[in-house]
Amino acid sequence: MLDINNLTITFGGLTAVNDVSMHLDEGRIYGLIGPNGAGKTTFFNLVSGVYIPTSGNISFCGSSLNGKKPYQINKAGISRTYQVINLFKKMTVLENILVGMHTQMKSDFAASLFHLRKERREEEEAVEKAHQWLQFVGIDQRANDMAGSLPYGEQRLLEIVRALSSKPRLILLDEPAAGMNSAEKETLNGFIRKIMSELHVTPLVIEHDMKLIMDICDYIFVLSFGKKIAEGTPQQVQADPEVIAAYLGGE
Amino acid sequence: MLITLFVSGIVLGCIYGIVALGYSLIYKASGLMSFAQGDLMTVGAYLGITFYSYMKLPFFISIILIGVIMFFLGMGIERGVIRRLRRKGVEPIYVVLATIAISFIIQNGCQKVWGPVMLNFPSIFKTSTIQLFGRNFQTESIFTVIASFTIMAILQFFMKKTKAGTAMRASAMDPIAAKACGINVNITTGLTWGCAGCTAALAGVLMGPLYGVFSTLGSQIGTKGFAAAVIGGYGNFVGSIVGGLILGLLETLTSGYISSNYRDIISYTVLILFLFIRPWGLFNERTIKN
Amino acid sequence: MSAFIGNRNRLGIMIFIIVGLVLPLVFSAMPYAVLVCCYILIYLIAVSGFDVLVGFSGQISMGHAAYYCIGAYGSAMLHKYTGIPVFFTMLIAAVTATLVGTLIAWPTTKLVAHFMSLATIAFGNIVFQLVNTSPGRITGDANGLHTTYLSVFGYELNTYTRFYYFALIMVLLFMLIKYNLLHSRVGRAMLAIRENDHAANGMGVNVRFYKVAAFAVSAFFAAYAGAMFAHLVRYISPDSFKQTVSVMFLTMLLFGGTASMSGPIIGVTIVSLLNEALRPASSYKMLVYGVLLLFVILIFPGGILGVMRSMKEKIIQKRK
């Protein structure tokens with residue numbers, strides 16, 4: 001599904017991602033780990049179109065994503081969440097989802113300006129669908145609250161479900177468990193599994209919580225200083241001497 | 001005629017350049033753009049008339065007084081308005097708008113205090129004209145050219161080579177890191193705006209004898225000075241002067257050979273072209289946008 | 001920012017329409033007051049459109065009077081030199097301004113806030129200069145241009161009261177369009193762009209397109225308002241389209257409150273009344289604008305509407 005070949009990006013003198021190649025198939029939960037500064041978020045930024053690679057290519061479901069803008073990549077079927085919460089804080093929870101559903105709706109300019117009947121119907125259906133998304137993650141009672149007023153854990157969930165509402169085939173989750181307590185992490189664990197099993201969306205998760213990653217993921221990639229140093233099942237990765245060295249050495 | 005136009009262009013360009021230096025100074029030390037610079041210049045010019053012409057104080061004393069007043073005015077604006085807004089964390093556009101509002105207040109305030117009629121700024125020098133290349137030029141204009149290059153050199157030296165200048169640059173680039181190094185960010189920022197106020201004042205005093213003094217003096221020249229800063233490279237001192245010279249020459253040559261009606265159109269078109277195609281100016285390096 | 005139409009809003013609309021219909025009757029003995037009301041309606045259209053640019057998509061234009069100017073001069077000149085009826089020249093001028101706006105917007109939307117201000121100021125100045133010293137004096141230069149009344153289906157709007165009712169209908173039309181935009185997918189995309197354009201991009205919103213679209217819409221509103229202005233006062237000169245007008249639009253919008261229907265109404269009304277009150281001391285106008293603007297930015301960036309909303313919040317909190 002996702003093919004990454006020799007992906008490299010250099011900023012000035014620093015090579016943040018160095019000749020990384022990966023292959024992801026549908027139907028598995030993937031993890032991306034590595035010590036701090038390994039280039040994981042930079043990698044996400046490359047795949048989601050925020051950065052343009054210096055060299056290498058990214059291919060998704062057969063078509064190349066190189067040089068595409070973030071909104072085009074979203075349309076192509078990849079959605080993401082961010083390390084720092086990037087919600088539309090002054091809009092309501094429901095509206096956040098509706099924006100996430102932007103590409104799922106068809107009303108163009110004329111229909112919007114003149115409130116044509118097909119636009120009205122589409123809006124109503126969208127609102128219903130948005131409520132369903134909120135119910136999926138259990139925050140529907142907050143639908144009309146300002147997104148910024150939600151407790152931290154719920155904001156994280158909202159960001160994930162907003163990304164899901166774009167109906168992607170691949171979702172990039174950047175440290176979704178950051179700042180969560182163990183109860184919230186349990187919920188997140190089940191939730192990510194649901195994303196795979198019920199929605200058939202493939203997650204690629206960046207995380208520092210090893211317990212969560214090893215428990216959830218079918219396959220893991222390890223980055224260190226911009227290079228991929230290992231990949232494999234959780235057991236294989238845990239036993240890999242290079243991975244152990246990277247984590248211990250990087251303390 | 002070409003010679004006269006050329007020298008006039010240089011003089012005008014140096015004025016734009018001094019104003020641009022003020023803008024660049026604020027940007028280099030604050031990361032902000034202040035639309036009020038031009039109008040601070042107007043205040044400087046009016047103060048010049050008040051001290052030098054009305055109160056008959058010696059020129060040197062007047063300059064010092066004006067410098068001090070404008071210094072505190074610049075600092076005051078930074079502390080009273082800019083700092084508050086930054087602390088509030090408003091969108092950067094609001095800071096820009098605040099300086100525009102201040103510029104309006106100053107403009108209108110000047111008009112109220114000194115009247116709407118254009119005032120005459122008496123000559124500073126005993127010799128009213130200097131001969132150059134066989135033509136006569138107002139002494140003040142030549143002085144302006146010398147002054148602008150001098151200020152540019154001083155600022156360049158100060159920013160790059162002195163401790164205080166480095167502190168200012170550090171505060172602008174990363175206030176938190178600067179604080180960690182023991183730099184008092186608030187004071188350095190205030191000082192920079194004060195200095196910018198001074199350069200504006202100087203520009204005003206230099207311009208007074210050349211153009212007369214009126215309340216919209218600053219806004220007209222101010223916008224052009226801003227344009228010069230952008231063209232030369234925002235935050236770059238050499239760029240500010242060069243940008244000013246380019247603009248000044250462009251305007252005077254257009255006035256002379258085509259028509260004075262199209263001066264402004266040419267200047268603003270060049271500005272827009274630079275903004276669209278090369279917003280980092282001539283002398284800056286391209287910055288990677290996030 | 002969300003304002004789903006509820007019963008309270010329906011009441012507000014009713015009040016607005018009733019007050020609007022009744023106003024000229026109240027002032028029937030003072031044609032000058034009706035003229036002021038006409039100004040208010042015209043500015044309301046311009047500022048409502050301006051809100052789409054500033055309030056919805058979070059951009060800035062410090063030279064928006066340029067589109068107001070293109071609308072006015074465009075309609076007047078088109079009618080003068082081709083004889084096309086005013087009703088149509090107004091639309092053509094507005095469409096032309098929209099095209100110009102779109103063209104200028106395309107590179108402008110890339111710029112950050114302060115550069116965008118500079119670029120739009122420059123554009124505003126260029127338009128002003130072109131109108132002030134036009135090639136072949138086609139705009140009449142500083143002497144200005146005289147033009148005629150607008151006629152709707154043969155009915156000539158040659159009194160302030162007649163024009164007023166036409167303007168009222170146009171205001172309702174434009175407000176309806178703005179309202180539809182605000183509550184549609186397009187409007188939401190713009191609001192999201194203002195909130196967080198990176199996240200919006202990541203959610204599939206073509207940020208560039210919607211930013212340009214916001215410019216285009218605001219240009220159309222401003223230009224049509226300008227055309228209305230031209231055929232109301234029937235004499236336009238470059239003086240009416242200086243930088244001060246751009247600042248006035250901005251003050252009206254920020255003072256009233258952005259991204260809303262009633263914000264512009266509040267801002268335009270109050271600032272217009274202020275304009276009238278300052279007529280004897282018109283030299284203080286700029287000072288007042290500056291102070292108002294600064295006040296709004298420093299103390300209540302949400303404008304009057306923002307203050308009202310936070311007061312409502314406090315009351316709701318207290319009740320809980």
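Two strands pair if DSSP finds at least two bridges between them. Helices (H or I, at least four residues) and strands (E, at least two) are DSSP runs, numbered from the N terminus.

First, the ground rules. This is a predicted model: local features need pLDDT of at least 70, side-chain atom pairs count only at pLDDT 80 or more, and totals for chains, interfaces and linings use all residues. Residues are numbered from 1 along each chain as its sequence is written, while chains are lettered from A and ligands numbered from 1 in the order in which they are written.

Now the six-stranded sheet. In chain A, 6 strands form an open sheet, ordered S6-S7-S8-S3-S9-S10, with mixed pairing. At the edges sit S6 (78–80) and S10 of chain A, each pairing on one side only. From one strand to the next, the twist averages 20 degrees. Angles here run from 0 to 180 degrees between N-to-C directions, and axes are lines fitted to C-alpha atoms, for helices over the stretch in contact.

A:Ile78 has A:Leu170 in S7(A) as its bridge partner. Across S7 and S8 (202–206) of chain A lies helix H7(A), residues 182–197, running at about 150 degrees to S8(A).

Move to S9(A), residues 219–224. This strand is mostly covered, with 5 of its 6 residues buried. A residue is buried if 20 or more other C-beta atoms lie within 10 Å of its own, exposed if 12 or fewer, and partly exposed in between; the C-beta atoms are placed from the backbone. Which strands does S9(A) pair with? One is S3(A), residues 30–33, in the parallel sense over 4 bridges. There, A:Gly31 has A:Ile220 of S9(A) as its bridge partner. Another is S10(A), residues 227–232, antiparallel to S9(A) and joined to it by 5 bridges. A:Val222 is bridged to A:Ala230 in S10(A). The hairpin of S9(A) and S10(A) has 2 residues between the strands, and A:Phe225 takes a positive phi near 50 degrees in it.

Next, the other sheet of chain A. Here 4 strands form an open sheet in the order S2-S1-S4-S5, and the pairing is antiparallel. Its edge strands are S2 (14–24) and S5 (63–64) of chain A, each pairing on one side only. Inside, S1(A), residues 2–11, and S4(A), residues 55–60, pair antiparallel over 5 bridges. A:Thr8 stands opposite A:Ser55 in S4(A). Helix H1(A), residues 40–47, packs on this sheet and touches S1, S2 and S4 of chain A; its direction makes about 65 degrees with that of S2(A).

On to helix packing. The axes of H3(A), residues 93–100, and H5(A), residues 117–136, come within 9 Å and cross at roughly 110 degrees. So H3(A) is roughly perpendicular to H5(A). For the cut-offs: under 35 degrees counts as roughly parallel, over 145 as roughly antiparallel, 65 to 115 as roughly perpendicular, and the rest as oblique. A:Val93, A:Leu94, A:Ile97 and A:Leu98 in H3(A) meet A:Ala126, A:Ala130, A:Trp133 and A:Leu134 in H5(A). By class, that contact has 8 nonpolar, no polar and no charged residues. Nonpolar means Ala, Val, Leu, Ile, Met, Phe, Trp, Tyr, Cys and Pro; charged means Asp, Glu, Lys and Arg; the others, Gly among them, are polar.

Now chain C and its neighbours. Two residues are in contact if their C-beta atoms, placed from the backbone, lie within 7 Å. Between chains C and A, 26 residues of chain C are in contact with 28 residues of chain A. H7(C) provides the largest share of the chain C side, 8 residues. That side has 13 nonpolar, 10 polar and 3 charged residues.

Against chain B, the contact takes 30 residues from chain C and 32 from chain B. Elements giving two or more residues to the chain C side are H5 (113–132) and H12 (285–298) of chain C. H5(C) gives the most, 13 residues.

Last, chain B. Is H4(B), residues 92–114, mostly covered or exposed? Mostly covered: 18 of its 23 residues are buried. After H4(B) comes B:Gly115, with a positive phi near 90 degrees.
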